[in-house]
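Open the model in your viewer and keep the selection tool at hand. Each stop below says what to pick and what is there.

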Amino acid sequence: MKIVFIRHLKTPGNEKRQYIGRTDEDLSEQAVEEFKLRQEKSIGELYPPVQRIIASPLKRCIRTAELIYPGQEICTELMLRECDFGKYEQKTYEDLKDEPEYIRWMESGGMTAFPGGEDQTAFRGRCVDSVKKWISRLLSEEADSAAFIVHGGTIMAVLSGLSEDAHEFYHWQVENGGGYVAEVSRGDWETGRKVLRKVKRL
C-alpha cells in the first residue's frame, strides 16, 4: 500500500515564521494562488493520486486536501493535529530569543514541554499511534493508497517513529506543500513489524 504524507500549504502565520500549532488558521490567499498557478503550469499531477484521504481537522489541512484532491471524501482525525505550542503560539524566534524558558527549550532540542503547551513525547506518541491505527484500518479495507494531509510536526513525529530508515525528528522537516511517499507491507503489519518502507521525498 502506498502512503503519502503532505504538509499543508502556507498560512499567514507560516509566512510570518510564527509558531502555529493549535491556532486554527486558514491558508493564505497567496499560498492558494501560487498553488493554482503551479497546477495550471504542471504537465502532470502535482501529487500522487490516492484512494483515501485522512486530514488533521484544522482548517489549513482540510483546505489543502480540498485543493489537492478536489471532490474526494476527506476523513478527519483529531489526533493528527499539530502540537500545541502553549505560550509560544503565534510568536516568532525574534519574539522569544531572549526569554530564558525559550532558551532552555532550544537547548533541549525541543524536547521539554512548551510552557502552557503540549509535552513533546506525548505529541509524538499520539501522532504515531494515530497513523498506525489508520494504516491497520486501511489494510483491513483493502485500500491500495492513502494520503495524510497534516502538519510539519506531525510528519516529523510519524517518520521519526515509523520509518525503517532511522533518523532523528528534525531530519524529516519538509516545506509547506511538500511531503513524502512510503510503502506499507501487509506482511510487516500483520506480523507486528509496523514500519514505513522506501520513504522518499515527493
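Select Ala 31, Val 32 and Phe 35: these residues of helix 2 are buried (under 20% relative accessible area; exposed is over 50%, partly exposed in between; 1.4 Å probe, protein chains only). Helices (H or I, at least four residues) and strands (E, at least two) are DSSP runs, numbered from the N terminus. This is a predicted model: local features need pLDDT of at least 70, side-chain atom pairs count only at pLDDT 80 or more, and totals for chains, interfaces and linings use all residues. Residues are numbered from 1 along each chain as its sequence is written, and side-chain values use heavy atoms, with hydrogens and water left out.

Now look down the axis of helix 2.

Next, the largest nonpolar core, with 41 residues. Such a core is a set of buried Ala, Val, Leu, Ile, Met, Phe, Trp, Tyr and Cys residues joined through side-chain atoms within 4.5 Å. Ile 3, Phe 5, Ile 135, Phe 148 and Leu 196 have the most contacts inside it. Color helix 6 (120-140); helix 6 gives the largest share, eight residues.

Center on Phe 5. Its contacts (heavy atoms within 4.5 Å) include Val 131, Phe 148, Tyr 180 and Leu 202.

Last stop: a second, separate core of 18 residues, including Val 4, Leu 9, Val 50 and Ile 68.

Notes
Lists of a residue's contacts leave out its neighbours within four places in sequence.
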